[in-house]
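Open the model in your viewer and keep the selection tool ready. The tour moves from one selection to the next.

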Amino acid sequence: MSDSTLAPDIDQALYALSPEGRELLFTEAKTAYDFSDKPVGDDRLRAIYELFKWAPTSANINPLRILYVRTEEGKQRLLPGVAQPNQEQTASAPVTAVLAADTRYPEYVPFLAPSNPQLQQMLEANQELRESHMDFNAVLQAGYFVLAVRAAGLAAGPMKGFNAEAVDKEFFPDGRWRSLLLVNIGYPSPEAFRDRLPRPSYEQAVQLV
């Protein structure tokens, strides 16, 4: 299915992004469940971050952190914490990103949000406020991360099916980082993708007032 057939009643000139870009990021992109053995270089992992970091967060706090697990030793430490149905696809991926929230992110607020000098103190004094900002913005950034993986020419397989407590104990024993999502990353194999599932229609999902 091509990009142009998904919404034939929409004027394609309304999109600033090219048809190829829309296909890469959205209309033809799918979750990958199996990967080729082609390695993913350090330069491409860096490219993902250098694109992803520019997407907006509330007050520019950017609490998401990334652990790239790519060695055989690292995978063997990670796999016991992955749910059984997801272990095979995780083992096949050359890289698995553990996306985590930095629980001490307010330390960076004076640098990231200098126009709001009271924000660090507010966050550190109010645990509920601090954690709600952390959780919301880290999840928001996780979505940006998946798009950045696609933009770097790779396939992404995001997964929530893992034991976060076990992964944190193994990789983040000091408790500072708290894992939220695993994203398998690599070049897709011929069997990587499943048939696309339906989405809600515009009329089902949107209201105008």
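Which backbone oxygen does the side chain of Asn137 reach at 2.8 Å? Select Asn137 and look: the backbone oxygen belongs to His133. Keep in mind throughout that this is a predicted model.

**Stop 1: Asn137**

Stay on this residue. Asn137 sits in helix 8, which spans residues 127-151. Its side chain also reaches the backbone nitrogen of Ser58, at 2.7 Å. Now show the neighbours. Leaving out residues up to four places away in sequence, Asn137 touches Thr57, Ser58, Ile61 and Pro63. Buried or exposed? Asn137 counts as buried because its relative accessibility is 0%, and the cut-off for buried is under 20%.

**Stop 2: the largest nonpolar core**

Next, select Ile48, Leu99, Phe145, Val183 and Ile185. These have the most contacts inside the largest nonpolar core, a set of 31 residues. Colour the elements that each supply at least two residues to this core: helix 3, strand 1, strand 2 (95-102), helix 7 (119-125), helix 8 and strand 4 (177-186). Helix 8 gives the largest share, seven residues.

Zoom in on Ile48. Beyond residues up to four places away in sequence, Ile48 touches Tyr68, Phe145, Ala148, Val149, Ala152 and Leu154.

Then move to a second, separate core. This one has 11 residues, among them Val69, Val82, Met159 and Phe172.

**Stop 3: the second largest pocket**

Which element gives the largest share? Strand 1 does, with four residues. Colour the lining by residue type: 10 are nonpolar, three polar and two charged.

**Stop 4: Pro39**

Finish at Pro39. Find this residue in the loop between helix 2 (19-27) and helix 3. Pro39 has a relative accessible area of 62%, so Pro39 is exposed; the cut-off for exposed is over 50%. How far apart are Pro39 and Pro188 in space? The two are 11 Å apart, though 149 residues separate them in sequence.

Technical notes:
Residues numbered from 1 in each chain as written. Predicted model: local features only at pLDDT ≥ 70, side-chain atom pairs only at ≥ 80, totals over all residues. Heavy atoms only, no water. Nonpolar A, V, L, I, M, F, W, Y, C, P; charged D, E, K, R; others polar. Buried < 20%, exposed > 50% of the residue type's maximum accessible area, 1.4 Å probe, protein only. Polar contact = N/O pair within 3.5 Å; in protein donor to acceptor, adjacent residues only side chain to side chain. Contact = heavy atoms within 4.5 Å. Core = buried A, V, L, I, M, F, W, Y, C linked by side-chain atoms within 4.5 Å.
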